[in-house]
Structures are given as structure tokens and as C-alpha cells.
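Here is a walk through one protein model, taken a piece at a time. Keep the structure open beside you and follow along as we go.

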Amino acid sequence: MGHLTAWFDHEFLRLQSEWRELIQTFEPNAIYHRTFAHELSFGEHLVRSAAAVEQTFDGITANLWDDPFEWTLPENLSTREKLVEYFDEVEATRQRGFGLFKDDEDLLKEVMTPSGKMHLASLLLDTLVRARNHQLRAEQIRKQIKVR
């Protein structure tokens, strides 16, 4: 695995680890509680973070670019345990995708996404940014709620 591929792998692993840590710090009955200050809840941001990763790696591995909206509804992921199971599924999908990358040159390959052709490196970076943004918003909500 090349340096850039290893960096991406590390960043996605770190993101997954942070989802797990965050979900354990939040009161189970408040995971999806919305506040007036935020459009989405803590749980919705974590799920959207994981869903961004899932969508990208389902696209890379199986050319399935569907938004995982239907199976990531709060009704389906209503407990910490179900959220952790979902995070595990996302991680398994991500690992299958990374299994396709033999070296950094693979990241220069183009894939056809719903928005057009993209180099894999650009797609992975975009996914990390979107997923990290949602994860950071979840952290922000957690901090604001704990302050009260």
C-alpha cells in the first residue's frame, strides 16, 4: 500500500473510531433529539457521516451509488447497539473497497459517479470531508448539550 493510500485508510479508520467513541458518550434516549439550534440531531449527523462513507464504497465496489437513506432512518437505527452494527457494516464495505487499491497509482483511476467522472483520490477526499463535517457537527451538538 502506498503512502497516500495508507493515509486515506488511516483517516477513514480514525473517523470510524470516532463514531464509536461519540455514540458511547451520548445518552441513548437523546441520540435523535433535535434542538432549536440545529437542523439535524446528534445521531442524524453521525449516521450521515457513516452514510457518506457507505455510499462511496458501495459505489466503488458494486457501482451502487444509492443514498443509504432508507436503511439509515432513526427508526431502523434506534439504539447505540444498532448504530454500532451499522458502523461495522460501513467499515466492512470500506475495507472491501480498500482491498481493491494495491498502490497509490490506483487512486489516479477514474470512476463514474452520479455527478460524473472523478479520480478515486478526489472521490475519497470529498467523502472524507463530507463525513468529517457531519462528525464534527455531531461533536458540536454533544458539547453544547453537555454544557447545559
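Let's begin with two helices: the axes of helix H1 (residues 3–25) and H3 come within 10 Å and cross at roughly 175 degrees. That angle makes H1 roughly antiparallel to H3, since anything over 145 degrees counts that way. Keep in mind as you look that this is a predicted model.

Now turn to the next partner of H3. Helix H2 (residues 42–62) packs against helix H3 (residues 80–98) at an angle of about 30 degrees, and their axes are 9 Å apart. With angles under 35 degrees counted as roughly parallel, H2 and H3 are therefore roughly parallel to each other. As for the handedness, H2 passes H3 in a left-handed crossing.

The H2 side of this contact is made of Leu46, Val47, Ala50, Ala51, Val53, Glu54, Phe57, Asp58 and Thr61. Across from them in H3 sit Leu83, Tyr86, Phe87, Val90, Thr93, Arg94, Arg96, Gly97 and Phe98. By type, the residues where H2 meets H3 split into 11 nonpolar, 3 polar and 4 charged.

Is Thr93 buried or exposed? Its relative accessibility is 7%, so Thr93 counts as buried, the cut-off for that being under 20%. Leaving out residues up to four places away in sequence, Thr93 touches Glu54, Phe57, Asp58 and Thr61. Take Glu54 as an example: Thr93 and Glu54 are 39 residues apart in sequence, yet C-alpha to C-alpha they are 6.7 Å apart in space.

Another threonine to find is Thr127, in helix H4 (residues 120–147). Thr127 has a relative accessible area of 0%, so this residue is buried. Which residues is Thr127 in contact with, leaving aside its neighbours within four places in sequence? They are Phe12, Ala52, Val53 and Thr56.

Next, the aromatic rings. The structure holds 8 aromatic pairs. One of them joins Trp7 and Phe8 edge-to-face, at 5.1 Å centre to centre and with 70 degrees between the planes. Trp7 counts as partly exposed at 40% relative accessibility, whereas Phe8 is buried with a relative accessible area of 4%. The rings of Phe98 and Phe101 also have centres 5.1 Å apart and planes at 70 degrees, so this pair is edge-to-face. Here Phe98 is buried, at a relative accessible area of 6%, and Phe101 is buried with 6% as well. Ring pairs also tie Phe12, Phe57, Phe98 and Phe101 into a cluster.

Finally, have a look at the loop between H2 and H3, where you'll find Asn63. Phi of Asn63 is near 55 degrees, a positive value in a residue other than glycine. Asn63 is also exposed, with a relative accessible area of 55%.

Technical notes: Residues numbered from 1 in each chain as written. Predicted model: local features only at pLDDT ≥ 70, side-chain atom pairs only at ≥ 80, totals over all residues. Heavy atoms only, no water. Axes fitted to C-alpha atoms, helices over the stretch in contact; angles between N-to-C directions. Helix = DSSP H or I, 4+ residues; strand = E, 2+ residues; numbered from the N terminus. Parallel < 35°, antiparallel > 145°, perpendicular 65-115°, else oblique. Left-handed = near helix turned anticlockwise from the far one by under 90°. Contact = heavy atoms within 4.5 Å. Nonpolar A, V, L, I, M, F, W, Y, C, P; charged D, E, K, R; others polar. Phe/Tyr/Trp six-rings, centres within 6.5 Å; stacked < 30°, edge-to-face > 60°. Buried < 20%, exposed > 50% of the residue type's maximum accessible area, 1.4 Å probe, protein only.
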